[in-house]
Every structure is written in structure tokens, then in C-alpha cells.
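Visitor: I'd like a quick tour of this one before I do anything with it. Could you walk me through it?

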Amino acid sequence: MTNRCEGVDFSSDDIPWAYCPSFPAAVLFAALFFLLTVTHAAQAFLFRKRLRSLGPYIPAQILIILAPLWLNAFIYMVLGRMIYFFLPEQKCFGISAKRLTLIFVILDVTAFLVQGSASSLLSSDDPNTMNIGKNLYMGGIGVQEFFILVFVGLAIRFHYKMTYVEAIHPPSYPWRPLLYCVYAGLALITIRIIYRLCEYAQGVHTPLAKNEAAFYVLDATTMVIALFLFNIVHPGRFLVGPESEFPKKEKKDKKKEKEEKKALREAERSKKRKRSWRRRKEGDLEADGDETSSRELGNQEFSDNAQPGLLPEHGGGYH
């Protein structure tokens with residue numbers, strides 16, 4: 001069979017690919033991602049969980065680079081809900097489960113913004129711009145991996161606390177399979193990050209960047225496995241009941257809280273005004289007191305200097 005890329009100069013600026021892309025492999029993995037995504041959507045509907053989605057060559061590259069961040073955010077939310085569901089105090093390291101989830105999702109969004117900016121620069125025709133994009137992208141995935149390592153510490157802490165909870169009061173639903181799935185998902189994302197760091201370590205057009213097989217094995221396959229694991233060990237099977245989701249504030253509660261905050265601000269402003277008025281009044285009283293003291297002192301000096309038996313004339317003198 002004739003190679004359809006025979007004679008193509010991949011070093012040319014007119015060719016966006018660094019290798020001869022395999023059409024069957026692209027179709028296979030596109031189909032796998034599609035099937036797994038559809039399965040996740042079906043499971044979300046089955047378990048009544050809300051599936052929240054946050055949001056040719058250039059769009060493809062951007063999607064490939066940013067895709068794992070959605071999985072990362074999903075894993076952060078899963079462990080946050082596990083802390084809320086399984087731990088009696090619903091906290092880890094003294095921080096509430098809801099706040100922990102919010103913190104790590106914000107950190108993930110930060111990494112997303114950095115990598116998103118870098119991915120657009122990597123698609124530039126200017127070598128200097130591409131180099132800036134490469135450095136920015138490596139910094140972004142490095143920050144992402146740092147957040148993952150911190151999160152692993154959180155997961156280990158949860159694991160440690162759950163061994164004690166399980167010994168005292170075994171939970172109604174198993175927690176280990178879902179936690180092991182969280183560990184596996186983070187490990188697979190880490191493998192993918194290491195691959196990307198090695199890919200761009202020595203530039204944009206490196207031998208690893210031109211190796212299609214490495215991309216499918218170390219990037220696409222790792223993400224497929226991670227998604228597949230959460231199809232098998234879906235959170236909806238283990239987080240069941242009213243405590244499986246974070247409580248949502250009703251509109252009335254939100255309005256009441258807003259009114260309370262407003263009243264508190266008004267009270268603070270009123271206290272400040274009263275303190276300011278009190279300070280001004282005390283200042284005025286102090287000034288009046290000084291003036292009275294000066295008058296009394298003048299009268300005293302006048303009394304001491306006056307001679308007995310003499311009366312002042314109308315002209316102001318003494319005789």
C-alpha cells in the first residue's frame with residue numbers, strides 16, 4: 001500500500017503536522033471518547049447527577065491540550081463530595097469540603113487560563129511567539145502538576161481519616177473503590193503531564209513531538225483509561241442520598257443573607273459616624289475647658305495684683 005504522506009516535507013511551514021497522521025487511529029480514539037462521553041452523560045441522567053461542562057489544526061490542538069483539565073476538575077469535585085459524604089465533620093485539614101472543592105477548582109481554572117493562552121501562542125507562525133507559548137505552556141502544566149501533588153496529600157489525609165471512621169462506624173456505602181479511582185485518575189494525568197513536559201523540553205519540533213505513537217499511548221490512551229475508570233466506578237453508585245451533594249441555598253436564603261450583610265454594613269457605618277461625632281464633641285469640650293481655665297487664671301492674676309481698699313476708676317487705673 002502506498003504511503004499517502006510520501007514526499008511530504010513535514011519541516012515545511014505550510015504543513016502544520018510534525019508527522020504523517022494516522023486517520024484510522026484518529027477515528028478510533030474519537031469514537032472511544034465519544035462513546036465514553038455518551039456513557040458518562042447516560043450515567044449522570046441515571047443517577048440524577050448534573051453533568052456540568054465548563055464551557056481543524058488549531059482548534060484540535062487547543063482541545064487536546066486543555067482536555068485533561070476537565071477531568072482534573074471532575075476528580076477535585078468527586079473527592080470534595082466524598083469528604084462531605086463520608087466524614088462526620090465534613091472537613092479535611094480543618095477546611096470544609098465545599099471550600100476545598102472550590103479552592104481546587106479555582107486553581108484548575110487558573111491552570112486552564114495559562115495553558116489556554118499558551119496553546120494559542122503555540123499555533124503562531126512566529127518562532128519567538130511559539131517559544132513564548134512553549135515556555136508558558138510548560139509553566140502551566142508544571143503548576144497543574146503541583147496542584148495535583150497537593151491534592152494527592154489531601155486524598156491521603158482523607159484515606160487516613162476514613163480508616164478510623166470505618167473502624168468506629170462503617171459507612172453504608174463503600175468508599176475505597178472510588179478513592180482508588182481518584183488515585184488512578186491523578187496518576188494517569190501525571191503520566192500525561194510528564195509526557196508533555198518531555199515533548200516540549202528541548203523545543204517545539206522535537207523527536208517526541210513528531211512521534212504519533214507516543215501521543216496516542218501517553219496522551220490519548222491515558223485519558224481514555226481515566227474516563228473509562230469513572231464509567232466503571234461512577235460516583236453516582238457510591239454517593240447516594242441527600243448528603244451526596246453540597247447543600248444549595250434557596251433564593252429566599254440568599255436574599256435574607258444579602259439583606260443581613262447590608263444591615264451589618266449599615267450598622268458598621270453608623271458606629272463609625274457615632275465614634276466620629278463623639279470624638280468631635282470631646283474635642284469641642286476640651287477646647288471649651290481650656291478657654292474656661294484661661295479665663296479663671298486671668299481673673300486669679302487680676303485678684304492677686306489688685307491693692308486692697310482701692311477701686312478702679314472709669315479710666316481703668318488705681319489711686
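Visitor: Which residues in helix 6 do Leu178, Cys181 and the others in helix 5 meet?

Guide: This is a predicted model, where local features need pLDDT of at least 70, side-chain atom pairs count only at pLDDT 80 or more, and totals for chains, interfaces and linings use all residues. Residues are numbered from 1 along each chain as its sequence is written, and side-chain values use heavy atoms, with hydrogens and water left out. Contact means heavy atoms within 4.5 Å, and helices are DSSP runs (H or I, at least four residues) numbered from the N terminus. On the helix 5 side the list also includes Val182, Leu188, Arg192 and Arg196, and the partners in helix 6 are Ala214, Phe215, Leu218, Asp219, Thr222, Met223, Ile225, Ala226, Leu229 and Phe230.

Visitor: How many nonpolar residues does the contact of helix 5 with helix 6 have?

Guide: Ala, Val, Leu, Ile, Met, Phe, Trp, Tyr, Cys and Pro count as nonpolar, Asp, Glu, Lys and Arg as charged, and the others, Gly among them, as polar. Here 1 residue is polar and 3 are charged, while the nonpolar ones number 16.

Visitor: Are helix 5 and helix 6 roughly parallel or antiparallel?

Guide: Their axes (lines fitted to C-alpha atoms over the stretch in contact, with angles from 0 to 180 degrees between N-to-C directions) come within 9 Å and cross at roughly 165°. Angles over 145 degrees count as roughly antiparallel, and those under 35 as roughly parallel. So the pair is roughly antiparallel.

Visitor: And how are helix 4 and helix 5 oriented to each other?

Guide: The axes of helix 4 (residues 127-168) and helix 5 (residues 176-200) come within 10 Å, crossing at roughly 160°. Their contact holds 18 nonpolar, 4 polar and 6 charged residues. With that angle, helix 4 and helix 5 are therefore roughly antiparallel.

Visitor: How far apart are the end C-alpha atoms of residues 177-195?

Guide: An unreviewed UniProt entry annotates "transmembrane region" over several spans, including 136-156 and 177-195; such annotations may be inferred rather than shown by experiment. Residues 136-156 are 100% helix, with end C-alpha atoms 30 Å apart. Residues 177-195 are 100% helix too, and their end C-alpha atoms lie at 27 Å.

Visitor: Where is confidence highest in the protein chain?

Guide: Confidence here is pLDDT, the predictor's score for each residue from 0 to 100, and the chain's mean is 76. Over residues 49-55 it is below 50, and where pLDDT is low, the predicted coordinates should not be read in detail. Helix 7 (residues 251-305) is lowest at a mean of 65, and the highest, at 91, is helix 5.

Terms used
Helix = DSSP H or I, 4+ residues; strand = E, 2+ residues; numbered from the N terminus. Parallel < 35°, antiparallel > 145°, perpendicular 65-115°, else oblique.
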